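Please read them with the structure open.

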Amino acid sequence: MTVTDLSGKRALITGASSGLGRHFAKVLAASGAEVVLAARRVDRLASLAEEISAQHGSEASCVAMDVTEPDSIRDAVVAAGSVDILINNAGVARSKGVLGFDADDFDFVMDANLRGAFLVATSVARSMRDRGMGGAIVNVASILGLRQGSQLTVYAISKAAVVQMTKQLALELARYDIRVNAIAPGYFETDINRGFLESPAGEAMLRRIPQRRFGNFEDLDGPLTLLSSDAGRYMTGVIIPVDGGHLLSPL
């Protein structure tokens, strides 16, 4: 058994119906974890659960969770059972100029990306504390929480808040042996950003990434496994950019 072996651990992944969440669930299952898949629509999770069970022989279950609804979060965390690892991934984006944003746009992004992430993290952390077994929480931030980008102001604000939330939770939860860290992905093609990455503006941005490519989901596997497993047992409050050097690009 290695320090990255997650056998005997149960991992809850939010936003697991597509994109990074779906990929993260597969990675943790491959490392031996029993995964609990969470999304608003359970029917969109069924095929993933079947695929994981068939490929890895590990149990995969599904729970309905709307991260904008506190009651839904509470019920889902109870249904998930004894969670050892939380991948706090659910999120949304809305792209437009800052002067085009209204209160509804602001609330739409912040309710999912910040309020929801906080409520999920603290709900799971209470369960971890009460069990007395510790645990690992991995928040999904963004390099836009560390630097600015056009047309995504409120998204960037929400992810900057997730960065600070990660550090605050790490400080307060360390006494319960709960580690809280975050991954800050650069640009990876997902349903949210595919149109932008294929646009002339996306092509121009690509030229500013030192590695001259957008990320592949597999580029996140190492950081995810590190922060979820005993390989990262002495790490908390850490934000790991995974961006091909994008944050290093000159002004």
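1. Is the crossing in which α1 passes α8 left-handed or right-handed? The model is predicted, and the answer is read from that prediction. In it, α1 passes α8 in a right-handed crossing.

2. The geometry of this pair comes next. Helix α1 covers residues 19-30, and helix α8 covers residues 221-228. They pack at an angle of about 60°, and their axes lie 10 Å apart. That angle is why α1 counts as oblique to α8.

3. Which residues make the contact between α1 and α8? From α1 come His23, Phe24, Val27 and Leu28. From α8 come Asp221, Leu224, Thr225 and Ser228. By class, this contact holds 4 nonpolar residues, 3 polar and 1 charged.

4. Helix α1 also packs against helix α2, which spans residues 46-56. The angle here is about 25°, with the axes 10 Å apart. So α1 is roughly parallel to α2, the limit for that label being an angle under 35 degrees. The crossing of α1 past α2 is right-handed.

5. What does α1 bring to its contact with α2? It brings Arg22, Ala25, Lys26, Ala29 and Ala30. These meet Ser47, Leu48, Glu51, Ile52 and His56 in α2. The contact divides into 5 nonpolar, 2 polar and 3 charged residues.

6. A further pair to check is helix α3 (residues 70-80) with helix α4 (residues 103-131). The two pack at an angle of about 35°, and their axes are 10 Å apart. The crossing of α3 and α4 is right-handed.

7. On the α3 side, the contact with α4 is made by Pro70, Ile73 and Val77. On the α4 side, Arg115, Gly116, Leu119, Val120, Ser123 and Val124 take part. By class, the contact of α3 with α4 has 6 nonpolar residues, 2 polar and 1 charged.

8. Now the second largest pocket. How much space lies in it? The figure is about 320 Å³. The pocket is lined by 20 residues. Closest to its centre are Lys9, Met133, Gly135, Arg179 and Asp230.

9. Please look at the make-up of that lining too. The second largest pocket is lined by 8 charged residues, with 6 nonpolar and 6 polar ones besides.

Key: Residues are numbered from 1 along each chain as its sequence is written. This is a predicted model: local features need pLDDT of at least 70, side-chain atom pairs count only at pLDDT 80 or more; totals for chains, interfaces and linings use all residues. Side-chain values use heavy atoms; hydrogens and water are left out. On a 1 Å grid over the protein atoms alone, a cavity is a set of points where a 1.4 Å probe fits but cannot get out, and a pocket is an open set with protein on both sides within 12 Å along at least five of seven lines; lining residues have an atom within 4 Å of a point. Grid points are joined across faces, edges and corners, and a volume is the space filled by probe spheres set on the points. Ala, Val, Leu, Ile, Met, Phe, Trp, Tyr, Cys and Pro count as nonpolar, Asp, Glu, Lys and Arg as charged, and the others, Gly among them, as polar. Axes are lines fitted to C-alpha atoms, for helices over the stretch in contact, and angles run from 0 to 180 degrees between N-to-C directions. Helices (H or I, at least four residues) and strands (E, at least two) are DSSP runs, numbered from the N terminus. Angles under 35 degrees count as roughly parallel, over 145 as roughly antiparallel, 65 to 115 as roughly perpendicular and the rest as oblique. A crossing is left-handed if the near helix is turned anticlockwise from the far one by less than a right angle, and right-handed if clockwise. Contact means heavy atoms within 4.5 Å.
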